[in-house]
Amino acid sequence: MQADRTVELQNQLTHRILILDGAMGTMIQQHKLGEADYRGARFADHPKDLKGNNDLLVLTRPDVVGGIHRAYLEAGADIIETCTFNATRVSQADYNLSDLAYELNVEGARLVRQLCDEFTAANPAKPRYCAGVLGPTSRTLSISPDVNDPGFRNVSFDALVDDYYDSAKGLMEGGADIILIETIFDTLNAKAAVFAVEKLFADLNRRLPVMISGTITDASGRTLSGQTAEAFWNSLSHSQPISFGLNCALGARELRQYVDELSTVCNTFVSAHPNAGLPNPLSPTGYDETPEQLAAEIVEWARSGLVNIVGGCCGTSPAHIRAIAEAVSLVTPRSVPHVEKKLRLSGLEPFNVGPESLFVNVGERTNVTGSRAFARMILEGRFDDALAVARQQVENGAQIIDINMDEAMLDSMAAMEKFLKLIASEPDISRVPIMLDSSKWSVIEAGLKCIQGKGVVNSISMKEGEAEF
């Protein structure tokens, strides 16, 4: 049954531009809900304030959330996002409701599922889809929350994987057609989500199509954790999503060049759901662009062959979605291009190696087995000096830096993790891809959990024999 839905979705995307819904948060704000609405009877005695925990409304005010979903369906949306943006244990911990995360995902998906089924039954020629949302969480794997300790992290890769796994499982139980990993500001968080979802699919022996959408935070054209749009694609293309795109932070005018960039490098469908312009605290919705203005921007994208899925993010309403849907209704969707096969790596920036490329320069001085001076720095805990070596390698032309911590006197795994986390805070080093070099799989695996880019593994050792390998 799900395989049929996936084929149906792919066919729809081939023949027309699909419409994603708009903002949930700004729509909820218009209802002017109070603390009592968020609490309901069930959470009347909860010790922390709950106002602002919009995901909780799927339990306490499903009429409000369902009404917003319905308004977007009536406006012409094909894909409805669940109200589960913060329905992870780590994000719900802010409200002392971590144990509620699974239930929020089940009920959030169930609410959308019922409405999508109702609208599809009324018009089978226009099927509607439930997109189960996995948000970015309130923590980041690539950036330290402590400016005085760049190597510190307040969450681990494995913890996020476990969290995302349970949330995705709840979304699937509730009836999601699609898993949407969205508003990604740190690609390493998205890698954890992808890893969790793939593990879940394997465990359940059932797949859903996956949409991935990142966030370019400002005019620099980078995510919050520093990646360019193409580097972001290189890092996650292995997940073979049904669509890849951008949302939030910027309005359509500011986002266009980055959507254009993705449309040329992605061999999959492209999505975009921008804000209703830039933030304006004096506007009733917090954003300036009218439905007509936003639709005019997006229809130009469509006519330029950039997109397959369009919708709205912060500040958009059913009126915006209706205007977008009407504007693109007769426009041919973007054709998925044939992209030349290359070795596509990334740090903060893309690094593509093809037949026309010259030799690739790998900086080998950040290797304890190849440099006695570097080994001494690591053994003595002089990581600032070790970072200086890495920086010098990149400045002198290294296109990849090889990192090896295999030394008998070292805790190789801990040293690898610490050094990679420190490198992540140094953009002049982390702009190039990382080569993880170890004869121990445990060290390579630990390293892979610390890099947001697409790196290289060097090397696989067979010295322990084939059985161990």
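User: Is Asp99 buried or exposed, and where does this residue lie?

Analyst: In this predicted model, Asp99 has a relative accessibility of 79%, and because a residue over 50% is called exposed, Asp99 counts as exposed. Asp99 is placed in the loop between helix H6 (89-92) and helix H7 (101-122). Its C-alpha atom lies 26 Å from that of Ser144, and the two residues are 45 apart in sequence.

User: What does the picture look like for Val58, and which residues does Val58 touch?

Analyst: Val58 belongs to helix H4 (residues 57-60), and because its relative accessibility is 6%, where buried means under 20%, Val58 counts as buried. If residues up to four places away in sequence are set aside, Val58 touches Val65, Cys83, Leu104, Glu107 and Gly108. A separation of 53 residues in sequence lies between Val58 and Leu111, yet their C-alpha atoms are 7.7 Å apart in space.

User: Where is Leu282, and is this residue buried or exposed?

Analyst: Leu282 sits in the loop between strand S7 (269-275) and helix H12 (291-303), and with a relative accessibility of 79% Leu282 counts as exposed. From Leu282 to Ser271 there are 11 residues along the chain, while 30 Å separates their C-alpha atoms.

User: How should I read nonpolar cores, and which residues touch the most other members of the largest one?

Analyst: The general idea is that, in soluble globular proteins, nonpolar side chains tend to be buried together. Here the largest nonpolar core has 94 residues, and those touching the most other members are Ile179, Val259, Trp301 and Val307. Helix H9 (residues 187-204) contributes the most to this core, namely 9 residues. To follow one of these members in detail, Val259 is in contact with Leu246, Val270, Ala272, Trp301, Leu306 and Val307, once neighbours within four places in sequence are left aside. Another core, of 29 residues, lies apart from the largest one, and its members include Ala375, Leu387, Met405 and Leu436.

User: How are two packed helices described, and what are the values for H10 and H11?

Analyst: Two packed helices are described by the angle between their axes and the distance between the axes. For helix H10 (residues 229-236) and helix H11 (residues 252-265), the angle is about 40° and the axes are 9 Å apart, and the two helices are therefore oblique to each other. The crossing of H10 with H11 is right-handed. On the H10 side the contact is made by Ala229, Glu230 and Trp233, and on the H11 side by Tyr258, Glu261, Leu262 and Val265. Sorted by class, this contact of H10 with H11 holds 5 nonpolar and 2 charged residues, with no polar ones.

User: Which residues bring H14 and H15 into contact, and at what angle do these helices cross?

Analyst: Helix H14 (residues 372-379) and helix H15 (residues 383-395) cross at roughly 145°, and their axes come within 8 Å; the crossing is left-handed. From H14, Phe374, Met377 and Ile378 meet Phe383, Asp385, Ala386 and Val389 of H15. The contact of H14 with H15 comprises 6 nonpolar residues, no polar residues and 1 charged residue.

User: What does H15 do with H16?

Analyst: The axes of H15 and helix H16 (residues 412-424) come within 11 Å and cross at roughly 65°, in a right-handed crossing. H15 brings Phe383, Ala386, Leu387 and Ala390 to this contact, and H16 brings Ala415, Lys418, Phe419, Leu422 and Ile423. By class, the contact of H15 with H16 contains 8 nonpolar, no polar and 1 charged residues.

Key:
Residues numbered from 1 in each chain as written. Predicted model: local features only at pLDDT ≥ 70, side-chain atom pairs only at ≥ 80, totals over all residues. Heavy atoms only, no water. Axes fitted to C-alpha atoms, helices over the stretch in contact; angles between N-to-C directions. Helix = DSSP H or I, 4+ residues; strand = E, 2+ residues; numbered from the N terminus. Parallel < 35°, antiparallel > 145°, perpendicular 65-115°, else oblique. Left-handed = near helix turned anticlockwise from the far one by under 90°. Contact = heavy atoms within 4.5 Å. Nonpolar A, V, L, I, M, F, W, Y, C, P; charged D, E, K, R; others polar. Core = buried A, V, L, I, M, F, W, Y, C linked by side-chain atoms within 4.5 Å. Buried < 20%, exposed > 50% of the residue type's maximum accessible area, 1.4 Å probe, protein only.
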